[in-house]
Amino acid sequence: MSNDHRPLELEGFLPYRLNVLAETVSQSLAGIYRRRYAISVPEWRIMATLGQFGTMTAKDIGEHSHMHKTKVSRAVASLEHRDFLQRTANARDMRESFLQLTDKGLSAYRKLVPEAHRFIEALTAPIDPADKQVFDRVLDQLARRAVELSADLDGADAPAVG
């Protein structure tokens with residue numbers, strides 16, 4: 001039986017394995033900020049992005065964090081309602097706002113970052129440092145290749161020119 005006709009074994013399928021790993025790690029880390037501040041994963045991603053870059057639009061946050069605009073919008077509304085972030089209208093384009101952490105949001109971010117670093121250190125502690133470097137390099141390679149393949153597939157759908 002050729003490789004193309006074998007059934008797909010989900011447990012060994014790389015996208016599935018990466019997704020399970022990402023979700024498991026994300027939910028484990030989420031316990032830290034959920035217990036302390038009742039913050040969801042999307043809310044934390046927004047706070048982390050704003051903590052890293054300062055003022056941004058919701059669109060920019062979505063692009064950076066790879067979150068759908070609906071998820072970003074809901075998380076922004078929740079954070080704004082709880083005074084973790086504030087909006088400032090863009091005078092040049094009233095359809096968008098600039099978002100930034102409030103003092104309360106910045107304080108929470110600054111308290112959570114060291115805990116997030118400790119979590120990652122504990123998670124990766126059993127891994128040999130050389131293996132960590134290889135893992136990081138492989139993740140970068142997979143991410144770049146996935147973008148390339150996605151662009152190739154998008155191009156395949158385009159009508160032929162000439």
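Trainee: Before we go on, what are the ground rules?
Mentor: This is a predicted model, where local features need pLDDT of at least 70, side-chain atom pairs count only at pLDDT 80 or more, and totals for chains, interfaces and linings use all residues. Residues are numbered from 1 along each chain as its sequence is written, and side-chain values use heavy atoms, with hydrogens and water left out.

Trainee: Where does N90 lie, and what does N90 touch?
Mentor: N90 is in the loop between β2 and β3 (97-101). Strands are DSSP runs of E, at least two residues; helices are runs of H or I, at least four; both are numbered from the N terminus. Leaving out residues up to four places away in sequence, N90 touches E96, S97 and F98. Contact means heavy atoms within 4.5 Å. N90 and T57 are 33 residues apart in sequence, with 9.2 Å between their C-alpha atoms.

Trainee: What makes R87 buried, partly exposed or exposed?
Mentor: Its relative accessibility is 39%, so R87 counts as partly exposed. R87 is found in strand β2 (residues 85-89). Neighbours within four places aside, R87 is in contact with V76, A77, E80, S97, F98 and L99. T55 is 32 residues from R87 in sequence and 9.4 Å away, C-alpha to C-alpha.

Trainee: Two residues in α5, E115 and E121. How do you know which class each one gets?
Mentor: Take E115. Its value is 19%, so E115 is buried. Beyond four places in sequence, E115 touches I32 and R36. Now E121. Its value is 54%, so E121 is exposed.

Trainee: Next, helix packing. What makes α1 and α2 parallel or perpendicular?
Mentor: The axes of α1 (residues 14-37) and α2 (residues 41-53) cross at roughly 75° and come within 10 Å. Axes are lines fitted to C-alpha atoms, for helices over the stretch in contact; angles run from 0 to 180 degrees between N-to-C directions. Under 35 degrees is roughly parallel, over 145 roughly antiparallel, 65 to 115 roughly perpendicular, and the rest oblique. So α1 and α2 are roughly perpendicular.

Trainee: Which residues meet there?
Mentor: From α1, S26, Q27, A30 and Y33; from α2, V41, W44 and R45. By class, the contact has four nonpolar, two polar and one charged residues. Ala, Val, Leu, Ile, Met, Phe, Trp, Tyr, Cys and Pro count as nonpolar, Asp, Glu, Lys and Arg as charged, and the others, Gly among them, as polar.

Trainee: How do you know the label for α2 and α5?
Mentor: Their axes are 10 Å apart, at an angle of about 95°. So α2 and α5 are roughly perpendicular. W44, M47, A48, G51 and Q52 in α2 meet G105, A108, Y109, L112 and V113 in α5. That contact has seven nonpolar, three polar and no charged residues.

Trainee: Now the whole chain. Which elements does the protein chain have?
Mentor: Six helices and three strands. From the N terminus, the order is α-α-β-α-α-β-β-α-α.

Trainee: Why is the chain called more spread out than a compact globule?
Mentor: Its radius of gyration is 20 Å, well over the 15 Å that the globule rule gives for 162 residues, so the label holds. The radius is taken over C-alpha atoms, and the rule is 2.2 Å times the number of residues to the power 0.38. Along the principal axes, the C-alpha atoms fill a box of roughly 60 × 55 × 25 Å. Of the 162 residues, 24% count as buried.

Technical notes:
Buried means under 20% relative accessible area, exposed over 50%, partly exposed in between (1.4 Å probe, protein chains only).
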